[in-house]
Amino acid sequence: MLHLRVIAPSEQSSAVVELLAADPGVTHLVVLPGAARQPAGDYVTCDVVRESADGVLSRLQELGVEAHGAIAADDVELTLSEAADRAAEEAPGHGEDAVVWDEIAAKTGEQTVLTGTFLALIVMATMIAGIGVLLEQPILIVGAMVVGPEFGPLAALCVALLRRQPRVVGRSVQALTVGFVVAMAATVLSTWALTAVGLVGRDMLLAERPMTDFIWRPDALSWVVGLLAGVAGMLSLTSKKSGSLVGVLISVTTVPAAANVAVASAYGVWHEAAGSALQLVINLAAIVLAGLLTLVVQLCWWRHVARRAAHAVPRQRADQRPGPVTASRRPRRDGG
């Protein structure tokens, strides 16, 4: 459930209140006339179940509330209310599957900015993975995947492609491109430095590495893993599941490949560097394609749910027309 806070200009307040009161997924509606000062207007709050939230937010924006007022939403962790339970029952669909598009766009849009923190995390992740590749240590590679931050821009890219936002697409591509280039360059330098002090060597890269050779030998399964990672990552984002854990799955197909490109390039093993680069490109493309298709399926599904709910309302109202009261129609309090 989401808690909405709306500042509605006086001339729009009645339309906003009517809109909220008419939606079966809205409850706990409170109106404080003239309470807002900046911007000025009426202060309206309510709770809305997640399966109705996207439609409510869209209709509020159609009224133009955000132009002269404001709309804010927060997650409600706990609600003890029969009214809230009724709202969840009457709203179409299930909250676990609900997609709030404005929430997703805001969350992913913040992760497209090329910040120093993003660069530091992806550099550290790639350097750790590079050491793990040389030492044939999956534990280090898993640790690198935990640190890797590339899931944010990848998710933002999928959302921006669906919503046709070229500026966000550009920022996402820039963050990913610059991030991986800087990370691989830093890993090349760190590999040379570690080699110079005798901690690692070219022979470690050329040795048999059965546990990590999948990183630079792309095949059909690379595409499958990338697709599965993209679907899982996008579902974790839209359903508010543990995105950090799914981010590890995303990184299994990206950070290790980027690290192997850097390490192989540092030692001049170009065939392995090329294989790792191809692995990286395949996986990134698969993740974006799968994430985009997942969003399209969710969008189509919720449009179908909304249409079914709209058709069900007239039938429900017809069924609720008053009729003659008989003994069989009276509710019983004993549960019989």
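Predicted model: local features only at pLDDT ≥ 70, side-chain atom pairs only at ≥ 80, totals over all residues.
Colleague: Is D74 buried, partly exposed or exposed, and at what relative accessibility?

Modeller: Residues are numbered from 1 along each chain as its sequence is written, and side-chain values use heavy atoms, leaving out hydrogens and water. Buried means under 20% relative accessible area, exposed over 50%, and partly exposed in between (1.4 Å probe, protein chains only). D74 has 36% relative accessibility, so D74 counts as partly exposed.

Colleague: Which side chain does D74 meet in a salt bridge?

Modeller: A salt bridge is a side-chain nitrogen of Lys or Arg within 4 Å of a carboxyl oxygen of Asp or Glu. D74 pairs with R5 at 2.2 Å, N to O. D74 lies in strand β4 (residues 70-75) and R5 in strand β1 (residues 2-8), so the bridge ties together parts 69 residues apart in sequence. Strands (E, at least two residues) and helices (H or I, at least four) are DSSP runs, numbered from the N terminus.

Colleague: How many salt bridges does the structure hold?

Modeller: There are six. One of them joins R50 and E103 at 2.8 Å, N to O. R50 sits in helix α2 (residues 50-62) and E103 in helix α5 (residues 101-109), 53 residues apart. Both R50 and E103 are buried.

Colleague: How many residues of α13 are buried?

Modeller: In α13, 11 of the 12 residues are buried, leaving this helix mostly covered. Among them are V255, P256 and N260. After α13 comes G268, whose phi is positive, near 70°.
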